[in-house]
Amino acid sequence: MSTQTPVNLVDIEARAFERLPRETADYFAGGAEDEVTLRANREAFDSLLLRPRYLVDVSERDLRTTVLGTPVEFPVLLAPTGFQALAHHDGEIATARAAHRAGTIMTLSTFSTFSLEDVQRATPGPKWFQLYVHKDRGLTRSLVARAHMAGYQALVLTVDVPVLGRRERDIRNGFVLPPTLRVANFEFSAGEGMYETDEDTGLAQFHRGLREPAFTWKEVDWLASLSPLPILLKGVLRGDDAAIALDHGIKGIIVSNHGGRQLDGVPASLSMLPGVVDAVNGRIEVLMDGGIRRGSDIVKALCLGARAVLIGRAYGYGLAAGGHAGVARAIDILRTDMIRTMKLLGCPSVHQLGREFIG
């Protein structure tokens, strides 16, 4: 990171916006339509208050936990974000190295700009692979087999994108992925076949050509039959959907509204978290993403029952601001914030966090 060291994630975001072209910055920052859900993700954290306990020994603190049996140094995982070379030429390789340095799990997007094999070879840290069920079932089968063979430890199935949300910043900007950008897990460039319409972006057209909108629980069962890797569902907001997942062998739920980039007007992920946690009643692990910007945000999510949280834009801005060092700095800021919050809260271990700490 150059010149003055960023002191929080707002500083890192500002640095990223200085370095990125406007249309690229808007691609990363924007949400769907009126961006109601995008704002709600932050507002939910801001409105939830903490209730500290004092006269507690907080001279030592323990952030360590496990997620699906994998030890992590603190309960922050890196969410899947596509096309990371738009932010920095080292893309997902830089992100993977920062995740390994931090002792946590990186989730690689299907739409990564380095292949899943290259990212796995870059660092020995634990990784999950995010995917969709594509119209071409052979393509889906191949991706699962490659992830299993490469040593990925879980599959993260994104369920909230039957079609791409209407991202009006991208429409106004005429955003198109550059033809030089590779979708490394496929055999074509990111810009291939992209075109604009008055109603949609080239990116939406690109997704529409691949995605299977007739995706149901039947396809979840089919996906589970392809490998022994555990499956997490990402994009669940309802307790009844989470309860159904138990009957289909799902090992984890990621409560998520896709960072406000899909259906606008749905509630904040944080506000839906308790209902999902109560529905599964400890039978599978529940994680969440959406709006994490402070260590206190992580603590609030854990108090409401999340096993861990995932960050996306937070490290993406770090990547744009300074490559590997920028991602590492974003993670370090969150870790330091979380330690301070837990000490001030009077809770020395993440395993002691619970709803009694919510005001």
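# Close-up views of the predicted model

View 1. H88 is buried, with a relative accessible area of 18%; here buried means under 20% relative accessible area, exposed means over 50%, and partly exposed is anything in between (1.4 Å probe, protein chains only). This is a predicted model, so local features need pLDDT of at least 70 and side-chain atom pairs count only at pLDDT 80 or more, while totals for chains, interfaces and linings use all residues. Residues are numbered from 1 along each chain as its sequence is written, and side-chain values use heavy atoms, with hydrogens and water left out. H88 sits in the loop between strand 3 (76-78) and helix 4; helices (H or I, at least four residues) and strands (E, at least two) are DSSP runs numbered from the N terminus. If you set aside neighbours within four places in sequence, H88 touches L319, G322 and G323, a contact being heavy atoms within 4.5 Å.

View 2. E92 belongs to helix 4 (residues 91-102). E92 is buried but makes no salt bridge, and the nearest side chain of opposite charge, R97, is 11 Å away. For the record, a salt bridge is a side-chain nitrogen of Lys or Arg within 4 Å of a carboxyl oxygen of Asp or Glu; Lys and Arg count as positive, Asp and Glu as negative, and His and the chain ends are not counted. What does the side chain of E92 reach at 3.4 Å? It reaches the backbone nitrogen of F114. That is a polar contact: a pair of N or O atoms within 3.5 Å, where, within protein, one must be able to donate a hydrogen and the other to accept it, and residues adjacent in sequence count only if both atoms are side-chain atoms. Beyond four places in sequence, the contacts of E92 include T81, F83, M106, L108, F111 and V119.

**View 3. Helix 6 and its buried face.** Helix 6 covers residues 137-150, and at 1.5 Å a residue its 14 residues should span 20 Å, which agrees with the 20 Å between its end C-alpha atoms (the expected span is 1.5 Å times one less than the number of residues). Its buried residues are L139, T140, L143, V144 and A147. Looking down the axis of helix 6, these fall within an arc of 135 degrees, so they line one face of the helix; the arc is that of the directions from the helix axis to the C-beta atoms. As background, an α-helix has 3.6 residues a turn, so residues three or four places apart point the same way. At the start of helix 6, a side-chain oxygen of D136 comes to within 3.0 Å of the backbone nitrogen of G138. After the helix comes G151, with a positive phi near 105 degrees.

**View 4. Helix 11 and what covers it.** S269, L270, L273, P274, V276, V277 and V280 are buried here. Among the elements covering these buried residues are helix 3 (36-47), helix 10 (239-246), strand 10 (252-255), strand 11 (285-289) and helix 12 (295-303). Just past helix 11, N281 has a positive phi of about 50 degrees.

**View 5. Two loop residues with positive phi.** Most residues other than glycine have a negative phi. E33, not a glycine, has a positive phi of about 50 degrees. E33 lies in the loop between helix 2 (22-29) and helix 3, and is partly exposed at 40% relative accessible area. L55 has a positive phi near 60 degrees. Its place is the loop between helix 3 and strand 1 (65-67), and L55 is exposed, with a relative accessible area of 92%.

**View 6. A few of the salt bridges.** The model has 18 salt bridges. R172 and E168 pair up at 3.6 Å, N to O; being four residues apart in helix 7 (residues 168-173), they are separated by about one helical turn. R172 is exposed, at 66% relative accessibility. K234 and D289 also form a salt bridge, with the closest N and O atoms 3.4 Å apart. This pair links distant parts of the chain, K234 in strand 9 (residues 231-236) and D289 in strand 11, 55 residues apart. Both partners, K234 and D289, are buried.
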